[in-house]
Amino acid sequence: MTFPIHRPRRLRRSEALRGFVRETRLSTEGLVYPMFACPGKGVRKEVSSMPGVYQQSPDQIVEECREVAGLGVPAVLLFGLPEHKDETGSEASDPNAAVQRSIEAIRKAKLDLLVITDVCLCEYTSHGHCGVLDAAGAVQNDPSIALLADAALSHARAGADIVAPSDMMDGRVAAIREKLDANGFQDIAIMSYAAKYCSGFYGPFREAAESAPQFGDRRSYQMDPANAREALREVALDLEEGADIIMVKPALPYLDVIQRVRERFDVPVAAYNVSAEFSMVKAAAQKGWIDEQRITLEILTGIQRAGASIILTYHAKDAARWLKHC
Ligand SMILES: [Zn+2]
């Protein structure tokens, strides 16, 4: 046979044909835009390693949320910076802290926006770890989850739609579920950072959230980057404990994990396209080395193709603008 019968190129001849047979249709519907809330009024301070990303006071958060909603991005994820840090991260559950006040302000503005809150202690503790420490400086699991549950409850009280624990303590999803239910918040969903890896890709975020550990690292609670099967165990445990949505973080170096989780579990899967994944694109684009729009949309398509229907990304606003025009 000189000429092939099968010619896959037949379906690539025009954009109409390519669009017709496209397997992954990237849209704004599954995007989440992460934001950093800080105390004060009129504060808007750009994070130097993350162009276009700001630490903002609640009044400014609302203004950007208006823009986010206007672009058709359905959700934001709020991180909080405290006024004061202490050993137990007590401001994490303070009803007057920046995140809680931001949620209330967004609610008051009646924006068509899902508000997801990050639940962790590392931004709030003086030592920068995601839980409380024992005398030897080790992160204690069980005392930490009680504090995380308190923080989640304060977010729910302020008006959050979804709480998202990111600490990687064992049993925290169950503790949060129990606490929310006991206080009448049985309809508030939990999106758990189920497979969160101990990653170098969080570097720029730690500047944004001012959450770098003051000693040691997070290897004793976040996952080893070499492990994929363990991620399935983590996800299974979180689902047993009552997680509604599960997340893999970071995204790009863990596309295989996203795919395995997607294939094994029939629940919504989220992936966090983290700070360094964003900053690398921005830096290369600023140098004129890459086509930012093309590369960003390709990255987001890749994450969705791997199996994530929800993508948390600092590119969300840019992507929404580009998707409107392509
Ligand atoms: Zn943390």
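1. The side chains of Arg22 and Glu15 meet in a salt bridge at 3.2 Å, N to O, the term meaning a side-chain nitrogen of Lys or Arg within 4 Å of a carboxyl oxygen of Asp or Glu. Arg22 is partly exposed at 37% relative accessibility, and Glu15 is partly exposed at 44%; here buried means under 20% relative accessible area, exposed over 50%, and partly exposed in between, with a 1.4 Å probe and protein chains only. Please keep in mind that this is a predicted model, in which local features need pLDDT of at least 70 and side-chain atom pairs count only at pLDDT 80 or more, while totals for chains, interfaces and linings use all residues. Residues are numbered from 1 along each chain as its sequence is written, and side-chain values use heavy atoms, with hydrogens and water left out.

2. A search of the whole structure finds 18 salt bridges, and Glu64 takes part in one with Arg44 at 3.9 Å, N to O. Arg44 lies in strand S2 (residues 44-46) and Glu64 in helix H2 (residues 58-70), so this pair ties together parts that are 20 residues apart in sequence; helices (H or I, at least four residues) and strands (E, at least two) are DSSP runs, numbered from the N terminus. Arg44 is partly exposed at 40% relative accessibility, whereas Glu64 is buried at 5%.

3. Glu64 also meets Lys317 in a salt bridge of 2.7 Å, N to O, and this pair links distant parts of the chain, because Lys317 sits in helix H11 (residues 316-324), 253 residues apart from Glu64 in helix H2. Lys317 is buried, with 10% relative accessibility. Through shared partners, salt bridges join Arg44, Glu64, Glu67, Lys282, Glu292, Lys317, Asp318 and Arg321 into one network.

4. Strand S4 (residues 75-80) is mostly covered, with six of its six residues buried. Ala75, Leu77 and Phe79 point one way from S4, and Val76, Leu78 and Gly80 point the other way. S4 pairs with strand S1 (residues 31-37) in the parallel sense over six bridges, where two strands pair if DSSP finds at least two bridges between them; four bridges join S4 to strand S5 (residues 114-119), also parallel. Val76 stands opposite Tyr33, and its bridge partner in S5 is Val115.

5. The largest nonpolar core has 79 residues, of which Leu78, Leu180, Ile258 and Val261 touch the most other members; such a core is a set of buried Ala, Val, Leu, Ile, Met, Phe, Trp, Tyr and Cys residues joined through side-chain atoms within 4.5 Å. Helix H4 (residues 141-158) gives this core its largest share, eight residues. A second, separate core of 29 residues includes Val47, Leu77, Phe79 and Leu81.
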